[in-house]
Amino acid sequence: MKAAIYPGSFDPVTFGHLDIIKRSAKIFDELTVSVLDNKAKTPLFSVEERVKILEEVTKELPNVKVESFSGLLIDYAKEKGIRVSVRGLRAVTDFEYELQIAQTNRQLSGGDLDTVFLTTSLEYAYLSSSSVKEIASFHGDISQCVPEFVARLIYEKYGFEEV
């Protein structure tokens, strides 16, 4: 069975993330979307909230499961017996950063963890979780960035009652 991990913070999940998830689910027999619990960051949504949101947006994809993890990706992947990590690329600047991480993970894993890069579909190339949060914090329209129920949850976090 071909299995892969798509790790990330997903704070919040965007249409760009969903694009990578759906396309990866067609390539791999099993895809684990893994929400990183990064103690160094203060996320908008808790790890538990992000897992629930991702479970909701991927519920129609039978070969996708959602989990959370903390620590090194190589340790998590080894524990799961998965040897492939999926990463999305929006621009050349993403590639430089992601290539360094991929090479580090491969080296530290003793060659046991490879990274597959998928370029984000053009209609989502501008999207980032950071920009979605910034727009939402000013009550801007994020309907083109995230699913409707995710937008409602984001606006609630910023104290807005209506979208």
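This is a predicted model: local features need pLDDT of at least 70, side-chain atom pairs count only at pLDDT 80 or more; totals for chains, interfaces and linings use all residues.

Residues are numbered from 1 along each chain as its sequence is written, and side-chain values use heavy atoms, with hydrogens and water left out.

**Whole chain.** Color by secondary structure and you'll find six helices and five strands; these are DSSP runs numbered from the N terminus, with helices being H or I of at least four residues and strands E of at least two. Following the sequence, the pattern reads β-α-β-α-β-α-β-α-β-α-α. Switch to the C-alpha trace, which spans about 50 × 30 × 30 Å along its principal axes. Buried residues (under 20% relative accessible area, 1.4 Å probe, protein chains only; exposed is over 50%, partly exposed in between) make up 45% of the 163 residues.

**Select 30-36 and 64-69.** These are strands β2 and β3, which run parallel and are joined by six bridges; strands pair if DSSP finds at least two bridges between them. To get from β2 to β3, the chain passes through helix α2 (residues 47-57) in a right-handed β-α-β crossover. Right-handed here is clockwise from first strand over helix to second, with the strands pointing away from the viewer. Now pick valine 35: opposite it in β3 stands serine 68.

**Select Leu54, Ile142 and Ile154.** They have the most contacts inside the largest nonpolar core, a set of 34 residues. A nonpolar core is made of buried Ala, Val, Leu, Ile, Met, Phe, Trp, Tyr and Cys residues joined through side-chain atoms within 4.5 Å. Helix α2 gives the most to this core, with five residues. Which residues does leucine 54 touch, leaving out those up to four places away in sequence? Show Phe10, Val13, Ile21, Val33, Val35 and Val66; a contact means heavy atoms within 4.5 Å.

There's a second, separate core of nine residues, including Ala3, Ile5, Phe69 and Leu73.

**Last stop: Phe69.** Is phenylalanine 69 buried or exposed? It counts as buried because its relative accessibility is 7%. Phenylalanine 69 sits in strand β3. Finally, draw a distance to glycine 8: the two C-alpha atoms are separated by 9.8 Å, though the residues are 61 apart along the chain.
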